[in-house]
Amino acid sequence: MECLVKIYNNEQLSNLISVLSFKPKKVIFIYDDNINDVNALSSIEYACVEKVEGINLEFVNVNSQSLDDVSKKCKKIIHRNRSCYFDITGSEELVAIGAYLACAKNFVPIFKMDIKRRKLINIYGCNFLSEKFSMPKMSINTLLMSHGANIEGYFHPTPNENLFEPILEFSDIVFNNITSWKELCVYIQTGAKAQFVEAKPLDFNSPLNIPNTKAHLTYNAQKLLHSAQKLGFIYNLKIDSENCRFKFKDLPIKKYLTDFGSWLELYVFIKLKQSNIFDDVRLSVKLNWDRVKKSTSEVVNEIDVTFFNGIHPVFVSCKLSDPSTEALQELSMYPNYFGGCYSKCIMVTLGNFKAERNSVYNRAIQMGIGVIDASDIKKDRFIETIKRILKIKEK
């Protein structure tokens, strides 16, 4: 496609779809001259340039309340770009009418997207496009860039596939022994920090009762350590009457064994990956807001797990205990920043959230947040519940 003319709207994902589908040489965004967030225009340009090689962008402002102004400026665009297509997805009524009038008079193809049904609707001259159109595969980094952010790194390392089954097995042990896991995690955290030697970062050697702390290796926590060795996460485990010694398999495993909440995030990530249903599944994404300024009171810096269901971004927060109202509020910020009306939020907790039906659960439902709790995880209904929340029908 030589040139795509796109009516800009405040849903950045909507602005991206036709650009990523057709990868035109040139994109002209028509935007309202009263647009509130000028940074949004530079952000969409940044995302398009990063994703489509050699693309050129142009921005034309219009008075969205003046049919005459919209029509005139669309005609000027057409006269300068004879081989162009118009995409009016998500545009205001007068802008859509003005674009249509200009296109119809000059025999220029025009279309819109039915994003929910994942198809292109031919308005004029786009039969060929509608027949060959398919929704693009989205990535979280492209979506973030369109909002002025990007991926700075990851709070937890992404595990290799050969560790998926051992991690799921240890996760199951953790989920059924939360108190013992908390005791073990505090003990390893404290011990690793107290005796850390830069030359030997994988070595652990600590008293059973660490002096000047409340950390100690309980009998039940010892059983979890033996399970960790059996699964290959640690080796050379030796526990006597006074000390505990072992070696971590590697630095990622050390990170998992010194972070209390990591195993639920790992479980969610692996289950989503193994389902082969979803795209661009990411674990503990760390965000960088260098390109835009956000209020420190509302800034979002980490997403536990994120993935795409088609072109719909899904944001997942993981809590080993019942989440608070504040946790729900934080989760609800993700669509405000990134996904808009096309996104979905899911809270995953090991609490008995659904059975208790407390005020926080009711608040989650009111906010449109999907809920997965201990009953879904322990009965191996995680993916089934995800599909129900996202209204994915069996083929």
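The paragraphs below go through a predicted model of a protein chain, from its overall make-up to single residues.

The protein chain has 395 residues, of which 52% count as buried. Taken along the principal axes, the C-alpha atoms fill a box of roughly 90 × 45 × 40 Å. If one looks at contacts in the protein chain with a separation of 6 or more, 66% of them come from residues 24 or more positions apart.

The next topic is a sheet. Six strands form an open sheet in the order E7-E11-E12-E13-E14-E15, and the pairing is mixed. At the edges are strand E7 (150-154) and strand E15 (370-372), each of which pairs on one side only. From one strand to the next, the twist averages 40°.

Strand E12 (residues 302-309) runs antiparallel to E11, and five bridges join the two. In this pair, valine 285 stands opposite isoleucine 303 of E12. E12 is also joined to E13 by five bridges, again with the two strands running antiparallel. Here phenylalanine 307 stands opposite valine 314 of E13. E12 and E13 make a hairpin with two residues between the strands, and in this hairpin glycine 310 takes a positive phi near 70°.

On the way to E14 the sense of pairing is parallel: E13 and strand E14 (residues 344-349) pair over six bridges. Valine 316 has isoleucine 346 in E14 as its bridge partner. How much of strand E13 is buried? Seven of the eight residues of E13 (residues 312-319) are buried, so this strand is largely enclosed by the rest of the structure.

Two helices give an example of packing. Helix H3 (residues 67-80) and helix H4 (residues 93-105) have axes that come within 8 Å and cross at roughly 40°. Why are they called oblique? An angle under 35 degrees would count as roughly parallel, and one from 65 to 115 as roughly perpendicular; the axes cross at roughly 40°, and H3 and H4 are therefore oblique to each other. Their crossing is right-handed. On the H3 side, the contact is made by Leu67, Val70, Ser71, Cys74, Lys75 and Ile78. On the H4 side, the residues are Leu94, Val95, Ile97, Gly98, Ala99, Leu101, Ala102, Cys103 and Lys105. By type, the residues of this contact divide into eleven nonpolar, two polar and two charged.

Is phenylalanine 170 buried or exposed? Its relative accessibility is 0%, so phenylalanine 170 counts as buried. Leaving aside neighbours within four places in sequence, phenylalanine 170 is in contact with Trp181, Leu224, Ser227, Ala228, Leu231, Phe233, Leu257 and Trp263. Phenylalanine 170 and isoleucine 389 are 219 residues apart in sequence, and their C-alpha atoms are 27 Å apart in space.

Isoleucine 121 lies in strand E6 (residues 119-124). With a relative accessible area of 31%, isoleucine 121 is partly exposed, because that category lies between the limits of 20% and 50%. Its contacts, leaving aside neighbours within four places in sequence, are with Phe111, Lys112 and Asp114. From isoleucine 121 to lysine 344 there are 223 residues in sequence and 25 Å in space, C-alpha to C-alpha.

Aspartate 280 has a positive phi of about 50°, although it is not a glycine. Lysine 391 is another residue other than glycine with a positive phi, here near 60°. Where is lysine 391 placed? The position of lysine 391 is in the segment after helix H16 (382-389). With 73% relative accessibility, lysine 391 counts as exposed.

Key:
Residues numbered from 1 in each chain as written. Predicted model: local features only at pLDDT ≥ 70, side-chain atom pairs only at ≥ 80, totals over all residues. Heavy atoms only, no water. Helix = DSSP H or I, 4+ residues; strand = E, 2+ residues; numbered from the N terminus. Buried < 20%, exposed > 50% of the residue type's maximum accessible area, 1.4 Å probe, protein only. Pairing = 2+ DSSP bridges. Axes fitted to C-alpha atoms, helices over the stretch in contact; angles between N-to-C directions. Parallel < 35°, antiparallel > 145°, perpendicular 65-115°, else oblique. Left-handed = near helix turned anticlockwise from the far one by under 90°. Contact = heavy atoms within 4.5 Å. Nonpolar A, V, L, I, M, F, W, Y, C, P; charged D, E, K, R; others polar.
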